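Let's take a walk through this protein together, with the sequence and the 3D view side by side.

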Amino acid sequence: GTLVTGGGGLLGSAVLRRLHGSVVCAGRSPVEGFPHLRVELDRLPADLGVRVAAVVTLAGLVLHRDGGRREMARVNVRGAMRVAELARANPGCHVVHASTSGVGAPFDYYETKREAEDGLTAYCREHGVPLACLRFPQLHGAGPDCEGFRRSTAVIRRCLAGRPRLQFGGTVCFADVDRVAAAVVRAAETRACGVFDLGGHAYPV
């Protein structure tokens with residue numbers, strides 16, 4: 001079956017609607033309608049007692065008020081490595097890792113996502129684990145899960161008013177969550193390997 005981490009998030013819910021076959025979710029909170037393994041991502045066991053053919057890891061910590069970078073590294077970096085170890089323990093298991101277009105930017109979140117990418121790539125290459133890293137910018141959409149600043153109309157209004165959520169190099173870039181979810185599922189179903197920049201729409205600030 002397929003193990004999904006971060007299934008309760010905006011992207012996770014869109015991915016779960018599209019995945020076929022046996023799916024198990026892992027994380028702190030259960031996802032309605034799916035079997036659930038309650039575990040912190042950085043404590044994900046390598047042996048789940050069932051055959052895992054693919055892992056779609058969507059979990060990521062963007063901001064933590066108390067733990068700061070240390071807590072982000074625990075989830076984003078060490079959590080990603082636990083996923084790689086689980087994949088290695090299940091020969092032939094394919095990993096799809098959700099990254100970000102901002103990898104390496106001088107902010108704690110983006111730096112930890114770069115560390116996760118680098119660590120996953122090195123480990124999977126060494127142990128022969130097939131890996132796809134998908135990079136995408138901020139997500140928006142029009143569905144019921146897209147509330148507040150994630151709703152497409154709110155994104156457009158903020159950009160037109162010159163008040164986007166994040167700014168890099170004078171532009172802010174967004175991608176539709178349903179299109180990204182479709183790309184994640186396609187990567188899983190076709191066992192794609194490599195780093196894929198999904199891009200998005202850039203708006204001048």
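**A walk through the model**

Let's begin at Gly68, which sits in helix α2; helices here are DSSP runs of H or I with at least four residues, strands are runs of E with at least two, and both are numbered from the N terminus. A word on ground rules: this is a predicted model, where local features need pLDDT of at least 70, side-chain atom pairs count only at pLDDT 80 or more, and totals for chains, interfaces and linings use all residues. Residues are numbered from 1 along each chain as its sequence is written, and side-chain values use heavy atoms, with hydrogens and water left out.

Back to Gly68: its relative accessibility is 23%, so Gly68 counts as partly exposed. The scale calls a residue buried under 20% relative accessible area, exposed over 50% and partly exposed in between, using a 1.4 Å probe and protein chains only. Gly68 is 40 residues from Asp108 along the chain, and the C-alpha atoms of the two are 8.1 Å apart.

The axes of α2 (residues 68–89) and α3 (residues 108–127) come within 9 Å and cross at roughly 20°. Axes are lines fitted to C-alpha atoms, for helices over the stretch in contact, and the angles run from 0 to 180 degrees between N-to-C directions. Angles under 35 degrees count as roughly parallel, over 145 as roughly antiparallel, 65 to 115 as roughly perpendicular, and the rest as oblique. So α2 and α3 are roughly parallel to each other.

Who does the touching? On the α2 side the contact includes Met72, Ala73, Val77 and Ala80, and on the α3 side the residues include Thr112, Ala116, Leu120 and Tyr123. Contact means heavy atoms within 4.5 Å. Taken together, the residues of this α2–α3 contact divide into eleven nonpolar, four polar and seven charged. Here Ala, Val, Leu, Ile, Met, Phe, Trp, Tyr, Cys and Pro count as nonpolar, Asp, Glu, Lys and Arg as charged, and the others, Gly among them, as polar.

Now for the aromatic rings. Rings of Phe, Tyr and Trp (its six-membered ring) pair if their centres lie within 6.5 Å; planes under 30 degrees apart count as stacked, over 60 as edge-to-face and the rest as tilted. The count by this rule is two aromatic pairs. In one, the rings of Phe107 and Tyr110 have centres 6.3 Å apart and planes at 75°, so the pair is edge-to-face. In the other, Tyr109 and Tyr110 have ring centres 5.2 Å apart and planes at 70°, so that pair is edge-to-face too. These ring pairs link Phe107, Tyr109 and Tyr110 into a cluster. Tyr109 and Tyr110 are both buried, whereas Phe107, at 44% relative accessibility, counts as partly exposed.

Next, some strands. Thr2 lies in strand β1 (residues 2–5), and at 14% relative accessibility Thr2 counts as buried. Not counting residues up to four places away in sequence, Thr2 touches Leu19, Ser22, Val23, Val24, Ala54 and Val56. Val55 is part of strand β4 (residues 54–57) and is buried at 1% relative accessibility. With neighbours within four places left aside, the contacts of Val55 include Leu3, Val83, Leu86 and Val95. Its C-alpha atom is 8.9 Å from that of Ala84, 29 residues away along the chain.

Cys133, in strand β6 (residues 131–135), is buried at 1% relative accessibility. Leaving aside neighbours within four places in sequence, Cys133 is in contact with His97, Glu117, Gly194, Val195 and Phe196.

Further along, Val177 lies in helix α5 (residues 177–190) and is buried, at 4% relative accessibility. Arg191 is in the loop between α5 and β9 (194–197). Most residues other than glycine have a negative phi, but phi of Arg191 is near 55°, a positive value.

Finally, step back. The protein has five helices and ten strands, and buried residues make up 47% of its 205 residues. Of the contacts with a separation of 6 or more, 68% are between residues 24 or more positions apart.
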